[in-house]
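Okay, everyone, let me put this one up on the screen.

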Amino acid sequence: MLTHALIGDEGRTIELGWENGTRARFHAMWLRDNALDDKTRSAGNGQRLITILDVPADTRIGAALIKPGALELSFLPEGKTVSFPAEWLGTHAYDRVELRKGGWTSDAVERWTRATMQNSVPRAGYAAASHDRQTLREWLSAVRRFGFAVMDGVPAESGALCKVSDLFGYIRETNYGRWFEVRAEVNPSNLAYTNLGLQAHTDNPYRDPVPTLQILSCIENTVEGGESSVVDGFAVAEALQTENPEGFRLLSSYPARFEYAGSSGVRLQAKRPMIELGPDGELICIRFNNRSLAPTVDVPFAEMGKYYAVYRRFAELIEEPRFEVTFKLEAGQAFIVDNTRVMHARKAFSGTGKRWLQGCYADKDGLLSTLAAIEHGFREAAE
């Protein structure tokens with residue numbers, strides 16, 4: 001409940017207070033641009049119906065009236081009156097002081113290590129996730145929170161991994177096809193198609209944008225070894241930042257270059273940092289792949305030595321067992337990783353037996369959209 005509304009700066013700002021002691025200031029221009037009435041936003045999809053040029057440059061608040069659970073504002077020179085829910089204003093308040101260091105992530109993201117995750121890998125059954133919205137909600141929520149999850153009971157047949165993607169979104173097709181095979185080959189075009197171990201890595205950093213989700217589904221696995229492992233790149237980046245802030249700055253400030261030219265007619269290239277931060281310092285993406293790293297040419301000579309030293313240290317941290325969670329996929333099991341955060345690896349395996357996995361890419365926005373829609377439906381049902 002709002003307790004006061006004080007107009008200031010000749011109507012250009014307003015200070016609001018709530019019963020719990022919270023205070024927040026808003027600009028008149030911000031409030032007018034974000035008005036919730038049906039002339040400003042579509043009632044059907046919530047999209048804005050006006051442009052910033054439709055809002056007078058000298059917009060100010062002429063009057064403010066506190067009502068039960070809401071605030072009514074009159075804007076000049078338009079003479080337009082709009083009502084804002086008090087809860088909405090509290091949720092969208094931007095007048096706050098927060099001490100955040102570079103690399104912070106939202107509350108929706110929980111960083112993890114082997115100690116916290118090895119015995120509690122998030123998982124769900126395919127049949128249950130297909131028919132029960134609560135099960136699907138919990139599985140998708142785990143992907144959002146931890147960056148990976150396992151799914152049991154997937155049909156052990158070619159193309160079945162698409163059924164997992166269909167639970168929340170769409171396949172992202174690439175030059176590798178709608179999906180691709182991961183099994184030992186003679187003269188492979190990609191090291192993933194051998195029985196060699198693979199260092200923890202993110203996939204396709206040579207694309208811009210990178211595929212944000214990867215699904216790997218097991219059809220057959222009778223080899224010795226070949227365990228899958230995952231590493232939380234955000235947790236590793238946090239450890240690097242704590243240990244070496246200057247090194248963290250180097251890996252997040254200068255771009256690396258990645259490229260792939262293993263197939264006829266394909267030459268993929270991208271220029272992005274190994275640790276990518278948003279403008280406000282938010283940690284948004286890890287790109288780490290020794291196989292596709294091209295020569296680094298964007299770091300000044302004076303800093304190249306230090307850059308390579310911290311690149312090596314980042315790789316050492318990624319290899320430390322404390323960050324690694326391992327599991328062996330059996331036929332009918334799949335796992336999904338957030339390819340902007342979680343690195344995946346594979347142990348070497350024997351030349352006898354068969355190991356047949358299929359992989360595909362999807363986009364995280366579809367997963368987050370489906371999860372948000374499910375959560376919205378649960379909230380509506382509870383009201």
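First, a term: when I say two residues are in contact or packing, I mean heavy atoms within 4.5 Å. And helices (H or I, at least four residues) and strands (E, at least two) are DSSP runs, numbered from the N terminus. What you're looking at is a predicted model, where local features need pLDDT of at least 70 and side-chain atom pairs count only at pLDDT 80 or more, while totals for chains, interfaces and linings use all residues. Residues are numbered from 1 along each chain as its sequence is written, and side-chain values use heavy atoms, with hydrogens and water left out.

Let's start with helix α8, residues 245-253. Its buried residues are G247, F248, L250, L251 and S252, and buried here means under 20% relative accessible area, with exposed over 50% and partly exposed in between (1.4 Å probe, protein chains only). What do they pack against? Their partners are α7 (233-243), β15 (275-277) and α9 (301-319).

Now α5, residues 133-146. This helix has 14 residues and spans 20 Å from first C-alpha to last, close to the 20 Å expected at 1.5 Å a residue; that expected span is 1.5 Å times one less than the number of residues. Buried in α5 are T135, L136, W139, L140, A142, V143 and F146. They sit on the same side of the helix, because they cover an arc of only 150° around the axis, taking the directions from the helix axis to the C-beta atoms. Just after α5 comes G147, with a positive phi of about 85°.

On to the core. By nonpolar core I mean a set of buried Ala, Val, Leu, Ile, Met, Phe, Trp, Tyr and Cys residues joined through side-chain atoms within 4.5 Å. The largest one has 55 residues, and F148, V230, L251, I275, I286, F288 and F314 touch the most other members. Helix α9 gives the most to this core, seven residues. Apart from it there's another core of 26 residues, with A124, L213, I215 and A362 among them.

Charges next. A salt bridge is a side-chain nitrogen of Lys or Arg within 4 Å of a carboxyl oxygen of Asp or Glu, and the whole structure has 30 of them. Take D95 and R25, at 2.9 Å, N to O. D95 is in the loop between α2 (86-91) and α3 (114-117) and R25 is in strand β3 (residues 23-27), so the pair ties together parts that are 70 residues apart in sequence.

K80 and D37 also meet at 2.9 Å, N to O. K80 is in strand β6 (residues 80-85) and D37 in the loop between α1 (28-33) and β4 (60-67), so here the parts tied together are 43 residues apart in sequence. Are K80 and D37 buried or exposed? Both are buried.

R313 and E316 pair up too, at 3.2 Å, N to O. They're three residues apart in helix α9, so about one helical turn separates them. Salt bridges with shared partners join E243, R313, E316, E320 and R322 into one network.

Last, cysteines. C285 counts as buried at 4% relative accessibility, and C360 at 0%.
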